[in-house]
Amino acid sequence: MCPQSRLSQNVEESLCCPICHARLRRAGESFECVDSSCAAHFPMIDGIPILINERSSVFSIGDFTSHNDTFFGGAEGRLMKTARRFIPKIGKNIRGKSNYARMSKALLEKSPSPRVLVIGGSILGQGMESLANNPAIELVESDVSFGPRTMLICDAHDIPFADESFDGVIVQAVLEHVADPYRCSEEIHRVLKDNGLVYAETPFMQQVHGGRYDFTRFTHLGHRRLFRRFEEIDSGATGGPGMALAWSYRHFVLSFTTSRTLRTALLGLTSLTSFFLKYFDYYLVNRPGSFDASSGYYFMGTKADHVLSDRDLIKLYRGASS
Ligand SMILES: [Zn+2]
């Protein structure tokens, strides 16, 4: 273990340049690309390497060295943060916990000590506790913001790891926030070993929640297509039409004002008057209607060497019009 890095030595040896994919070597408090024609340098802050390809990312290395607000960080006032602690949540991830338990089991069937890349891992994902607390599973938690669990800063469009470095990749509530989710899916495929596992959760019926860093939503089939180079193990809704309705109601009300104080008050009011809608999802989730109208979808699959054709994709429709 390098004294200043949060990554294990094995993980550090799998790092590659996010620009040219050549190997990276430690140079004191930073990393440098061994390819002399690239010769890129990447700093490390508090043991966290900043491995950003500035030629394609919306982020620059300077955003992190100067601690600018990159993603979610600082966007919320103190009043809003306090309010969130006391008001009931309008969302409920119904499948996260059981899906992560299933993923842990599948990972350990493939390897006694699987290594898993978490994209968007600055904080622990909903339902991920059992997987994260399993000492046999090594998590490599990456993000584009500093958080309690961030081990490295990287952008999912250019994952700074060599091909086939991981047994699993987790990407929960992230792909709506990347400019090009198809490219990120290709990168996930590249860094996974043969038969490696991917687990993704991505919203469908949710309003903008990442400020300027929020770009895309997926239907159930749209999400399946995003992972067309993977064999499906399971997919479905994480939060159903009840949660989607609560989100729509909240954002309808919020759209009347830009006042931060009023919006905080309305956040509380709409939570108190709609939090119960999520409980309908225990009944609705995985019924046909939920495949047309859910708050978000999950996909669990294994890396494949074939591609799901669009003709086969449409046969997978499970919604109410089938
Ligand atoms: Zn390079």
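The protein chain of the predicted model contains 12 helices and 11 strands. Its radius of gyration is 20 Å, close to the 20 Å given by the globule rule for 322 residues, so the chain is as compact as a globular protein of that length. Taken along the principal axes, the C-alpha atoms of the protein chain fill a box of roughly 60 × 50 × 35 Å. Of the 322 residues, 41% count as buried. Among the contacts in the protein chain with a separation of 6 or more, 73% are made by residues 24 or more positions apart.

The strands are arranged in an open sheet of 11 strands with mixed pairing, in the order β1-β2-β3-β4-β7-β6-β5-β8-β9-β11-β10. Strands β1 (24-27) and β10 stand at the edges of this sheet, and each has a single partner strand, so that one side of each is left without a neighbour in the sheet. From one strand to the next, the twist averages 20 degrees. In general, the strands of a sheet pair through backbone hydrogen bonds, in either the parallel or the antiparallel sense.

Within the sheet, strand β5 (115-119) pairs with β6 (residues 138-143) in the parallel sense over 5 bridges, and the bridge partner of Ile119 in β6 is Ser142. Strand β5 is also joined to β8 (166-172) by 4 bridges, the two strands running parallel, with Ile170 in β8 as the bridge partner of Val118. With 5 of its 5 residues buried, β5 is largely enclosed by the rest of the structure.

The buried residues in α4 include Gly96, Asn99, Tyr100, Met103, Ser104 and Leu107. These residues cover an arc of only 140 degrees around the axis, which puts them on the same side of α4. An α-helix has 3.6 residues a turn, so residues three or four places apart point the same way. The face of α4 turned away from the buried side carries the exposed residues Ser98, Lys105 and Glu109.

The C-alpha atoms of Leu131 and Lys105 are separated by 9.1 Å, although the two residues are 26 residues apart along the chain.

Helix α8 (residues 241-254) has 14 residues and reaches 20 Å from its first C-alpha to its last, close to the 20 Å expected at 1.5 Å a residue. Its buried residues are Pro241, Gly242, Met243, Ala244, Ala246 and Trp247. These buried residues of α8 pack against β10, α9 (260-274), α10 (281-284) and α11 (290-293).

Two residues in loops have positive phi values. Asp46, which is not a glycine, has a phi of about 50 degrees and lies in the loop between β3 (41-45) and β4 (48-51). With 8 other C-beta atoms within 10 Å, Asp46 is exposed. Glu164, also a residue other than glycine, has a phi near 55 degrees, and its place is in the loop between β7 (152-154) and β8. Glu164 has 14 C-beta neighbours inside 10 Å and therefore counts as partly exposed.

Key. Residues numbered from 1 in each chain as written. Predicted model: local features only at pLDDT ≥ 70, side-chain atom pairs only at ≥ 80, totals over all residues. Buried ≥ 20, exposed ≤ 12 C-beta atoms within 10 Å, placed from the backbone. Arc of directions from axis to C-beta. Expected span 1.5 Å × (residues − 1). Contact = placed C-beta atoms within 7 Å. Pairing = 2+ DSSP bridges. Axes fitted to C-alpha atoms, helices over the stretch in contact; angles between N-to-C directions. Rg over C-alpha atoms; globule rule 2.2 N^0.38 Å.
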